[in-house]
Amino acid sequence: MANSMGSLWVGASGLQNSQNAMNITANNLTNVDTTGYVRQQVLFADKTYIASGVSAAISKQTNGLGVSISDVLHTRDVFLDQSYRQEVGRYEFYSASYDATTEIEDILQELDGESFQNILSSDDESLWVAFQELAKDPSSSVNQNLVLQKASLFITRAQAVYESINTYQTQLNDQIEDAVDKINELGNTIYELNIQIQKIEAGGVETASSLRDERDLALDELAELCNISYKETTQGIVKVSIEGVEFINEAMVYEMDVEYDKSTGFATPIWPQLGQDSDGNNYEVFDLEAEISSAYNSDIGKLKGILLARGDSVADYRDMYDLVNTTAEYFSELTEDDYKTESEYDELTGASVCLNTQAEFDTLIHSIVTTINDLLSPLTTANDAGLTTGTIVTDADGNSYTITDSTRVLDTDNCCVGSDGELPPQELFTRTGCDRYTEVTDSSGNTYYLYNEEDLTDTSMMYTIKSLSINETIQQDSSMLPHLEQNGEVSYELGEALSSMWESADLQLNPTIGGTWTFAEYYEQMVGELGTNGNVFKTTVENLESTTEALTTSRSSVLGVSSDEELTKMIKYQNAYNAASRYINVISEMIEHIVTNL
């Protein structure tokens, strides 16, 4: 009788645990499309066995108490998780770089439907054509107006290209701020989930499967944004570091902050908890000057990719030179020795698609503008003009200037003039911060025109896109464009020089690329280099996409829910439930028969 009642207990355990297994399977099926959900797997085990009867020579007789669910497995592969998070972070890094390259390439080639290349080529809209026409008859007002018109178009389009890149940098800056906010949000989410999981699992009875799924999903999202390392403690707390710096621990979240550059407004992620270095600077999250390499895992995270693409400043032609270690104060004093080395350029300007393009593009514009101005209003050294080194000259306001070996003045012997015949001749492109010359006199009353050199510390004193405009005097009267010899004859020699300057191949793209090109060839090389880099990024992104897809498939085979597999298990557990039910019915009938007969 006792064994019969015990058999009912065994049947009941099968009935109950089959029901629980079906509930777990139903939960899996319900969440088959839930992002981040990890399937739960039932693990059955025997209940305790009770010894009965006398001791036997070999083994005791035992009676089982049925079946139980020993555990509900929350299956994950930590190695697959780590590989996936590393590769998805690398994928996002190169995706950000590729997107930025594509955007800059579109800006250069499709500016309001007009390629900037047209202004440099044989297109009817080009500045090149205007100077070819001017060379035929420099005194023609039609040709002069054409030069004025195309020069204005040249500056307008150049500034539009440059401003479009600046605008895109601002957009990237907004993305950086959003990414930092998202990182902090994910950090606080993981921290709160740590606390909840610890509370639930502290008793060693229950596993907080749903909360763990949420936490792992947050780690996946965090890995897309930055290079993370993490470790789970025995208490169920996940500690996270970003770029080797502690981000989440048992006690708190060390949130990122951003520091804004006063001149550009660009945001740079920093670690407030680390304080400041000996120079009073905040510790930045990323070392953007470090070599980008998969071997060092320095190419991981969308945020770093955006930071590199944006750069830390707005570049111009000065970024081609090592101005930190040079003694040059003016652009004319810079030599080839002042060029950045290949490694210096690649680590700083060359690493950023925005900075690299800005620097190369501004170099092109600077070269075109200064070449034209130097032909229209030529320069010579003060010594060649008859001023000896050490001579003191004064301007109309009484300001004194001391002549040095490098002082340059207007070459009055070889310059042309406009229709007014006055010196100094007008330049075509002007700077916002100064005139081309300062009129000075020496002690003998001789007049000279002292050239106002480009001040490398002041953009308004430089022939850079940001401070260029068309000479107002020439805009009001195009005949003021130098075209006459000082004796009043038309200078066809000047027209020929302005025409042939476009064929001069003496412009280097950047310190890392050898060779020299004409203005049009330079622009083609610049766009070509950008396209080459874009193709490299595209190939890398495609390869990493394949890698992440393979890892995603492998992870899905471990933690993903297969509806076919779960339905098969549902049928199995349903059959087990039915079998346990029939078993109970049989035992019940046996007990009833025994009781009735007794």
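Q: Where is the place of E243?
A: In this predicted model, E243 sits in the loop between strand 6 (238-242) and strand 7 (245-248).

Q: What is phi of E243?
A: Phi of E243 is near 50°, a positive value in a residue other than glycine. Most residues other than glycine have a negative phi.

Q: Which other residue has a positive phi although it is not a glycine?
A: N297 is one, with a phi of about 55°. N297 is placed in the loop between strand 9 (267-270) and helix 6.

Q: How do E243 and N297 count in accessibility: buried, partly exposed or exposed?
A: E243 has 27% relative accessibility and so counts as partly exposed. N297 is partly exposed too, with a relative accessible area of 28%.

Q: Staying with the backbone, which peptide bond is cis?
A: The bond from L423 to P424 is cis, with omega near 0°. P424 belongs to the loop between strand 13 (408-410) and strand 14 (429-431). Most peptide bonds are trans.

Q: Changing topic, how many aromatic pairs does the structure hold?
A: There are 11 aromatic pairs. One of them joins F93 and Y94, whose ring centres are 5.0 Å apart. Their planes stand at 85°, over the 60 degrees required, so this pair is edge-to-face.

Q: Are F93 and Y94 buried or exposed?
A: F93 counts as buried at 3% relative accessibility. Y94 counts as buried at 13%.

Q: What about the rings of Y321 and F331?
A: Their centres are 6.1 Å apart and their planes are at 90°, so that pair is edge-to-face as well. Both residues lie in the loop between helix 6 (302-310) and helix 7 (342-347), so the pair ties together parts that are 10 residues apart in sequence.

Q: Which residues form one aromatic cluster with Y321 and F331?
A: Y317 and Y339 belong to that cluster along with Y321 and F331.

Q: What lies over the face of Y84?
A: R555 does, at 4.1 Å from the ring centre of Y84.

Q: On to pockets: what volume has the largest pocket?
A: The largest pocket has a volume of about 880 Å³. Its lining consists of 31 residues, and those nearest the centre are E289, D312, S313, L348 and L355. Strand 8 (257-260), helix 6 and helix 7 are the elements that give two or more residues to this lining. The largest share, 3 residues, comes from helix 6.

Q: How does the lining of the largest pocket divide by class?
A: The lining has 12 nonpolar, 6 polar and 13 charged residues.

Q: And what is the volume of the second largest pocket?
A: The second largest pocket has a volume of about 760 Å³. It is lined by 29 residues, and the closest to its centre are Y321, F331, S367, D506 and L507. Y321 and F331 are thus named here as well as in the edge-to-face pair.

Q: Last topic: what does the count of disulfides come to?
A: The count is 0 disulfides. The sulfur of C416 is 7.0 Å from the closest cysteine sulfur, in C415, which is too far for a bond. For C434 the closest cysteine sulfur is also in C415, at 19 Å, again too far for a bond.

Q: Are C416 and C434 buried or exposed?
A: C416 is buried, with a relative accessible area of 7%. C434 counts as buried at 14% relative accessibility.

Technical notes
Residues numbered from 1 in each chain as written. Predicted model: local features only at pLDDT ≥ 70, side-chain atom pairs only at ≥ 80, totals over all residues. Heavy atoms only, no water. Phe/Tyr/Trp six-rings, centres within 6.5 Å; stacked < 30°, edge-to-face > 60°. Buried < 20%, exposed > 50% of the residue type's maximum accessible area, 1.4 Å probe, protein only. Helix = DSSP H or I, 4+ residues; strand = E, 2+ residues; numbered from the N terminus. Lys NZ or Arg CZ within 6 Å of the ring centre and 35° of its normal. 1 Å grid on protein atoms, 1.4 Å probe; cavity = no way out; pocket = protein on both sides within 12 Å on 5 of 7 lines; lining within 4 Å. Points joined across faces, edges and corners; volume = space filled by probe spheres on them. Nonpolar A, V, L, I, M, F, W, Y, C, P; charged D, E, K, R; others polar. Disulfide = S-S within 2.5 Å.
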